[in-house]
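Please examine the sequence and the three-dimensional structure shown below. This report then describes the fold, the charged surface and several individual residues.

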Amino acid sequence: MKTTEAKSSNKKKKINTYLKYGIILILSFVLGGIIGGLLAAGEDALEKFSKIFMIVSAFIGKWFLVFMLVFVVAGLIVGEYSLNRIKKLCKEQEIAENEEDDEKADWLDYKTEKIAAIAMAVMNVSNVLSMVFLAISVDYTRAKDVDAIVFFGGLALYLLLSVYEGTWNIRLVKLNQKIDPSKKGDPTSTKFTEQWVNSCDEGEKEIIKKAAFKSYSVMMQVMPTITVIAILMHWAFNTGLFAVIISGVVTLIQVFSYLCECVKLKKQNLEA
């Protein structure tokens, strides 16, 4: 009797799942049709948006050197402040551990991790913005709307920022290894992530695994949206298909790397 009820319940769940999926598809088609209709009907709005974008791009190209100087200064301030703050917290954590105050030591470790994460986020944002501004400046330099001195000066600052961010990451790793000698890995090696994870304890490995899977899940939701946006931008502004191709390639790399690793780990578990 229970088996029959369980089968019936599972069947209803399957039907509900397919029904839900069908509704999502229909809503997606309707939303796509609405967006397509708005793009087709709103040519004036698109033209105005295109003009605004060109004005903003021209402003960025003209003041590229200044923007890059701001990025470099901001990166230096954030980088040096975060490292100094982490050093102080690590000393406090060492004192707490010597006094066997585990709760305080754990909170100090959390604060250290949080500061490092915020600093890395700021570094990555500045790096992405720098690349976007550099790409915009290249176009305007080719069109001779921006002086070559401005462009090459900004390019030099971009390279300086990139070098600093790389050395900052190495310093952060070395600092962590100084605090905890059990942490292994050469930050200049292509196998650094694997070396670092292998030297972590089980609790740290579990956190890394959950964070990595969360990142994968988020990107699998974001990438299709980015692809659709790239297609719509191509329809509206003739931006080209390269962005669509790149977003598709990135999605495939994520999927295949995840699936290959799953199969590899499954095989290792069977052979162990």
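Predicted model: local features only at pLDDT ≥ 70, side-chain atom pairs only at ≥ 80, totals over all residues.

Residues are numbered from 1 along each chain as its sequence is written, and side-chain values use heavy atoms, with hydrogens and water left out.

**Overall fold**

The protein chain contains eight helices and zero strands, where helices (H or I, at least four residues) and strands (E, at least two) are DSSP runs numbered from the N terminus. Its pattern along the sequence reads α-α-α-α-α-α-α-α. Of the 272 residues, 24% count as buried; buried means under 20% relative accessible area, exposed over 50%, and partly exposed in between (1.4 Å probe, protein chains only). The chain exposes about 19900 Å², and carbon and sulfur atoms supply 67% of this area. Accessible areas come from the Shrake-Rupley method with a 1.4 Å probe; for residues, only the protein chains shown count as cover. Among the contacts (heavy atoms within 4.5 Å) with a separation of 6 or more, 61% are between residues 24 or more positions apart.

**Salt bridges**

Side chains of opposite charge can pair when their charged atoms come close. A salt bridge is a side-chain nitrogen of Lys or Arg within 4 Å of a carboxyl oxygen of Asp or Glu. How many salt bridges does a search of the whole structure find? The search finds two, and both are set out in the table.

| Acidic residue | Basic residue | Closest N and O atoms |
| E80 | R171 | 2.8 Å |
| E204 | K183 | 3.2 Å |

E80 in helix α3 and R171 in helix α5 (residues 148-179) are 91 residues apart, so this pair links distant parts of the chain. E80 is partly exposed, at 27% relative accessibility, and R171 is partly exposed at 34%. In the other pair, E204 lies in helix α7 and K183 in the loop between α5 and α6 (192-198), so parts that are 21 residues apart in sequence are tied together. Is K183 buried or exposed? K183 counts as buried, because its relative accessibility is 9%, whereas E204 is partly exposed at 27%.

**Charged surface patches**

Patches are made of residues with over 30% relative accessible area and no salt bridge, like charges being joined within 9 Å. Lys and Arg count as positive and Asp and Glu as negative; His and the chain ends are not counted. The place of a charge is taken as NZ of Lys, CZ of Arg, CG of Asp or CD of Glu.

A negative patch is formed by E94, E97, E99, E100, D101, D102, E103, D106, D109 and E113. Helices α3 (64-98) and α4 (102-142) each give two or more residues to this patch, and α4 gives the most, with five.

A positive patch consists of R85, K87, K88, K91, K104, K111 and K178. Here α3 gives the most, with four residues. R85 is found in helix α3 and is partly exposed, with a relative accessible area of 31%.

**Two further residues**

Q254 belongs to helix α8 (residues 242-271) and counts as buried, at 15% relative accessibility. Leaving aside neighbours within four places in sequence, Q254 is in contact with Y216, M219, M220 and M223.

I226 is found in helix α7 (residues 202-237) and is partly exposed, at 37% relative accessibility. I226 and A243 are 17 residues apart in sequence and 9.1 Å apart in space, C-alpha to C-alpha.

How values were computed
Patch = residues over 30% accessible without salt bridge, like charges linked within 9 Å, V, L, I, M, F, W, Y side chains within 5 Å.
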